[in-house]
Amino acid sequence: MPSAGMPPKPHVTIIPNGLATDNRLLEGHVALVTGAGRGIGRAIAQMLARQGCHLALVARNVDELEATRACCAAAGVSALALPLDLAETQRLPTVVEQCMTHFGQLNVLVNNAGWHQFASALEADLAVWDRLIDVNLRAAMHLTRLALPAIVDGVTRGRRGAVIFISSLGGKFSAPTNAGYAAAKHALAGFSGSVFEDVRDAGVKVCAIYPGWVNTRLLADWLKPEEAIQPEDVAEAVRFVLASSPTVCPTEIVLHTQSSRAGRLFA
Ligand SMILES: NC(=O)c1ccc[n+]([C@@H]2O[C@H](COP(=O)([O-])OP(=O)(O)OC[C@H]3O[C@@H](n4cnc5c(N)ncnc54)[C@H](OP(=O)(O)O)[C@@H]3O)[C@@H](O)[C@H]2O)c1
């Protein structure tokens, strides 16, 4: 009991590796993060682990996934690596099933995985356009549909629930040689908005985040890493959504680079 005039002490949780941390937002929750092997996905996974959230992590590269899994486990949470090519949509039900079998719940889905390839619409390879749609859009749609019942169920049990889409400024603005990626990311906006309408009264937060250039492997070679948004900046936007009060939902967050030079979509 704090004495009169003294501010109350913050709640402190002791986590299994012996570290003390501030009251953790997602203690005991479970999140599924796609594209968690590196870049923005790894930063989001690490942020969630620091908030006490157990994790199911999806990407293709097993070594990168294991590195993310290990640094999340070091924050005292349980992390499960699920190597998978998200373009194989027929395998996506097993991702949610494995998550439910292992953790018994799923509360947060972060549809982050994506890739990009420049090509003029005059000469683009149709197979590349199909793959851009499969990885950036179709996988996110399928996983959302598969995960939502568990997420809604968690909210009815007093958990936080959210679906986050990592889109791009390429999903807001048109630019040359970007048609396939732009099609997928623009479509995510419509999908995300409609999903929000379907679950807003159930208390599930749905948000699309639109970053400009981020310092990851996808960064354009004409930019310096320090000119770009950092992966941790995007993770902080995700944390903001998850921490928002039950009476509000940030449905869209646009992240521009501070630098105007880096603010151009293309050189
Ligand atoms: N970097 C930017 O400037 C920027 C800007 C705006 C938006 N974004 C978006 O941010 C998201 C993350 O990108 P990033 O910059 O962090 O890129 P990144 O460093 O290349 O990481 C992409 C992640 O997605 C995974 N991934 C890609 N294709 C996959 C597939 N077919 N199946 C499973 N996993 C797959 C990758 O793992 P594997 O290769 O091992 O599968 C990797 O873990 C993407 O949606 C991207 O469009 C990026």
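A residue counts as buried if 20 or more other C-beta atoms lie within 10 Å of its own, with C-beta atoms placed from the backbone. The model is predicted. In helix α1, 12 of the 12 residues are buried, so α1 is largely enclosed by the rest of the structure. Among these buried residues are R42, Q46 and R50, along with I40, I44 and L48.

Helix α1 covers residues 39-50. From its first C-alpha to its last, α1 reaches 17 Å, close to the 16 Å expected at 1.5 Å a residue. After α1 comes G52, which has a positive phi near 90°.

The buried residues of α1 pack against several elements, including the helices and strands tabulated here.

| Element packed against buried residues of α1 | Residues |
|---|---|
| β3 | 30-34 |
| β4 | 54-59 |
| α2 | 62-73 |
| β6 | 108-111 |
| β7 | 162-166 |
| α6 | 231-243 |

The ligand is surrounded by 31 residues, of which G35, G39, R60, N61 and G114 are the closest. Two or more residues of this shell come from each of α1 and β4. The largest share, three residues, is given by α1. By class, the shell holds 16 nonpolar, 10 polar and five charged residues.

Elsewhere in the model, strand β8 (residues 205-211) pairs with strand β9 (residues 252-255) in the parallel sense, over four bridges. Within this pairing, V254 in β9 stands opposite Y210. Together with α6, strands β8 and β9 make a β-α-β unit that is left-handed. Helix α6 is also one of the elements against which the buried residues of α1 pack.

Definitions and conventions:
Residues are numbered from 1 along each chain as its sequence is written. This is a predicted model: local features need pLDDT of at least 70, side-chain atom pairs count only at pLDDT 80 or more; totals for chains, interfaces and linings use all residues. The expected span of a helix is 1.5 Å times one less than its number of residues. Two residues are in contact if their C-beta atoms, placed from the backbone, lie within 7 Å. A residue is near a molecule or strand if its C-beta atom, placed from the backbone, lies within 6 Å of it. Ala, Val, Leu, Ile, Met, Phe, Trp, Tyr, Cys and Pro count as nonpolar, Asp, Glu, Lys and Arg as charged, and the others, Gly among them, as polar. Two strands pair if DSSP finds at least two bridges between them. A crossover is right-handed if, with the strands pointing away from the viewer, the path from the first strand over the helix to the second runs clockwise.
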